[in-house]
Amino acid sequence: MEIEHDQSIEAMDTQEVEIITSDLQNQQQQQLNKLHLPTSQLPNENGNIPPQQLLADTTSPYTNEQEMTSVDDPKDDQFRSEATFSYTVEDILQLKQQQLSPPVYVRMLPWKIMVIPNERALGFFLQCNGENESPTWSCNAIAELRLKCHKQDAPPFTRARIKHLFYSKENDYGYSNFITWTELQEAEKCYIHNGAITLEVHVVADAPHGVLWDSKKHTGYVGLKNQGATCYMNSLLQTLYFTNQLRRAVYKIPTEADDSAKSVGLSLQRVFHDLQFGDRPVGTKKLTKSFGWETLDSFMQHDVQEFLRVLLDKLESKMKGTCLEGTIPGLFEGKMSSYIKCKNVDYNSTRYETFYDIQLNIKDKKNIYDSFKDYIASETLEGDNKYDAGVHGLQEASKGVIFTAFPPVLHLHLMRFQYDPITDSSIKYNDRFEFYDRINLDEYLAEKEKTPAEYVLHAVLVHSGDNHGGHYVVFINPKADGKWFKFDDDVVSSCRRIEAIEQNYGGNDDEISFHAKCSNAYMLVYIRKSELERVLSEIPENEIPSELVERLELEKRIEMARRKERSEANLYVSIHVILEEYFEGQQKRRLFDLDKVHQRLFKLKQTQTVEEMMDAFVKSFGVPKDRMRVWIMFAAQPQKFLYFDFQREGLRPIEQIATAQKPWVIFLQLASPLVPGRPLPPFDPKQEVLLFFKYYDACNKRLNYIGCSQQPLTRRLSELVLDVNTHLGFEPDTELTVFDECNDKKITNINETLENVLYLHQDNLQGYILIFEKEHVDVKLDLPTVEDYFLDLVYRVEITFCDKCNPNEPEIVLELSNRYNYDQMAQAVAERLNTDPNKLQFFMCVSSYKEAPGNAVPYTFKGTVKDLVAYCKQSASKKLFYQRLSLSIHELDNKKQFKCIWVSNDLKEEKELVLYPNKNENVKGLLDEAAKKIQFAENSRKKLRLLKVANHKIATIFKEDTPLEALQKTNETLTAQSAQKTFRIEEVPAEDMQLAENEVLVPVAHYSKEIYNSFGVPFLIKAKHNEPYGALKQRIQKRLNVPDKEWENFKFAVISMGHPNEVNDNTPVDTEIYRSWTNAHLPYFGLDHINKSRKRTSLNFSEKAIKIYN
């Protein structure tokens, strides 16, 4: 423990305590008393940002002691969140060393009063879990340290409340100079009685982390494990879980036939079931995996509102077509109407919309009611911004929205994260914003509904941190009865109402609480009072489909068995058994490829005997022991075997069998089924040898495995030749040569004995391979001898072929000779794809640093495969790309490949088209080719047009008689995207078919703040000369389907000669501007608004959008 000695006081930094007091006379004395301060900072845990350092303030968040102790915890309840305890120090004036009080348990941790005297004053500290040296635990607490006065009704001496995050390195906190010895001994203060003083502490502690905190026992609920940065998801999942009516529907989603790893419905059912019936924190890895997320997604925080919308949309799609259809809208869907009402004429425009959540502006708003009033406040359209009322002309009007129906479950997102145009970034507003446990929203409805719009607060989702990240927790009132619980990832604890509501208002109040000033409510969940019973009705186990319960229980049993297997792995030995039949497909050296060959796995206890191992083999293979022979693979030399006499070693435990191979690899030799009942003869490693035989077929360039046999060392090789001829069905006098694969040489004298021709190992290693081949073969064959065959293997390379146009297509892996020419390679790939080799086109990699398709390989290519893969990474597998053609590659000589993007009418769907028009074709011919590949609607006129888009702006509308040669050079491939330029084909809308003389197609493009910050999909819209821009804007809004509330934030300008010229609704459209296009500056109508695809609502801009893929 470290104590700071009294010295001259310097300016305190953020690590120190700021002591604020209104008593100026005591201020100098208080400056002489420093607190016992932390010297390091606790590392992040579970995605939490480090809390603010200690703040001490004379202002209390509690009005009286009764409010502080409102949680009525029994004294012996070790789970309690707060306690008051005291300690009497005898002979205080004689105290020379540190003293500790007996422990009092709060939140399952021992708390002690620590007294440390120094020369000038008495030190008073609060210690937590002081004897635990584990680095993983931590506990956040607020405490008041008091020195009791023995005078009746006199208040105790106290200092500012302390707040601290206790952990192993900083397990005590308080004042090193709590009270001076002089002040302590003042008789009129009555602090000392009979030589003793009484110290008292009132501590309020948050639930600890990193200890055996039993959330289920304490609260009845369990938490969710954090995968890295999934606290936002955990908070939202808990909120949805306690929306019981939704949970009931999720349980009933039909998932019987779903893939366990990819089913979002089943994964959510599993999480909800574990939360309801489990005793430990629930993992979410299977859930995020079912979303199709990679590991990186679990370490990236997302926006809660966006995640909620995506998840509810996914659940709604899973419920479609079932009895559950309509559940999601029935719980969360509200309705509102957007209106424009003219003041001087009888003309109104109304549009009805639905919503699943409401975004409330909190900036400069005092409370939730102010935000609702701001939401429905009307805007007056006047002056240059008058409304175009058709036949009534431009009119003054009021514009706004009004709610027509509120849902049973109301999700309110507080807009604490907003885009700041000054900093060009998203910032978080920590302003104070009040909300209440009960609200009435009747005054915000167009007409009152059948039941009052009275709502009860059900959940408060809190964010701590800034726009770059932070931590989420959620406070939930599960039964809407006023009993609140805090869900902080895997830790669940009871809490007071003030912690859940008032302390999450935000703002710069001077209160000490567990919440840093950057910690405040971000999302609120209210439940309609009239719907409470339905929405929160209990879900007994008998209401959950029995099929689901059985499936989840089966998964748990399988998982428990796997865990048991992993925990007991050291008690077992793995034995991999290889049979002779696995050698038959091997076309390389050796008998098998250990990484690819199928192996039979046996797991036996280390204490089991060899006899028991053989019994397992007999039971598995159905072959008696006397027809088996065991060969243990020798690790030091590849595929060499040691004979194992299992009969002699039968009683020995497996753990006593010496083998360098872990796990064991055994070649189990079984007697031939052609001679049933005959046992294998005994093997004498000193007199016999185990041989494996292969035959090389030069005509088919193939190695054929013949078999294995034990042979006496005295037998001549010529005798084996006769046996092989007989086995292969050759004439007995067929001349064969023998190749020793292990020693890589041809045996010249076959009249020698095996003992003389083989280089035998002194340690009796077995497994010699002899390859037989006909001596007289056609020398014109590609690989006439086995030596040629093995030499060719040296040149073989494994190449991965990827579909260039369809990245999701499975890759093809082929082993080809790098001496193959183009035709041989194309033939090999075509055989695997079952297609015509002439309808394949190949592409090399861009470079050795980027495995992306580069230049096309001409079919006249004269080089070899080695030349094609030269640009692949040396360390990685070789890769080439291919694409299927609709015509022969030879026909491409007269064709031009043209790539373009097809864009749907709603501008949301894009698809790449690869077209092959004739080289001398024009745009009309190209569009005719495209029409063959596009699926039109039934009432479509099937009219297409070709555009060039550059940097998200339309650069050219091509006329149909434009030659393709004019688009690009003839010898270049017309690509979809090159230097930010895109060729785009789209269907011509019916209204654009005929243009009057006073009409023109106006290009429209999106940008954010500056015109060079363009983004999105540009489009064309028809405009009339001298019509007001207000009418044009209405058509654009309808085309883009932008809600009125969002449309209000759009700005508009005509971009000409690279400069924006703002326009209002009454400005007439001058079509001549859009007719005078030049190659240098192309005029267009610009929409200035936030790029939502780039900038997230609440987090840093590098974050990618949330998607649930399955």
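This is a predicted model: local features need pLDDT of at least 70, side-chain atom pairs count only at pLDDT 80 or more; totals for chains, interfaces and linings use all residues.

Modeller: Start with a definition: two strands pair if DSSP finds at least two bridges between them. Helices (H or I, at least four residues) and strands (E, at least two) are DSSP runs, numbered from the N terminus.
Colleague: OK. How many bridges join strand E30 to strand E32?
Modeller: Five, and the two strands run antiparallel. E30 covers residues 628-634 and E32 covers residues 664-670.
Colleague: Which residue in E32 stands opposite Val 630?
Modeller: Leu 668.
Colleague: What holds paired strands together?
Modeller: Strands of a sheet pair through backbone hydrogen bonds, either parallel or antiparallel.
Colleague: What is the strand order in the open sheet?
Modeller: E29-E28-E32-E30-E31, five strands with mixed pairing. Strands E29 (600-605) and E31 (640-644) are the edges, each pairing on one side only. From one strand to the next, the twist averages 35°. Angles run from 0 to 180 degrees between N-to-C directions, and axes are lines fitted to C-alpha atoms, for helices over the stretch in contact.
Colleague: Which helix packs on the sheet?
Modeller: Helix H15, residues 610-621. H15 touches E28, E29, E30, E31 and E32, where contact means heavy atoms within 4.5 Å. The direction of H15 makes about 145° with that of E29.
Colleague: New topic. How many salt bridges are there?
Modeller: The count is 47. A salt bridge is a side-chain nitrogen of Lys or Arg within 4 Å of a carboxyl oxygen of Asp or Glu.
Colleague: Which residue does Arg 146 bridge to?
Modeller: Glu 200, with the closest N and O atoms 2.8 Å apart. Arg 146 sits in strand E7 and Glu 200 in strand E11, 54 residues apart.
Colleague: Is Arg 146 buried or exposed?
Modeller: Arg 146 is buried, at 8% relative accessibility. Buried means under 20% relative accessible area, exposed over 50%, partly exposed in between (1.4 Å probe, protein chains only). Glu 200 is buried too, at 14%.
Colleague: And what does Glu 555 meet in a salt bridge?
Modeller: Arg 270, at 2.8 Å from N to O. Glu 555 lies in helix H14 and Arg 270 in helix H7, so the bridge ties together parts 285 residues apart in sequence.

Definitions and conventions: Residues are numbered from 1 along each chain as its sequence is written. Side-chain values use heavy atoms; hydrogens and water are left out.
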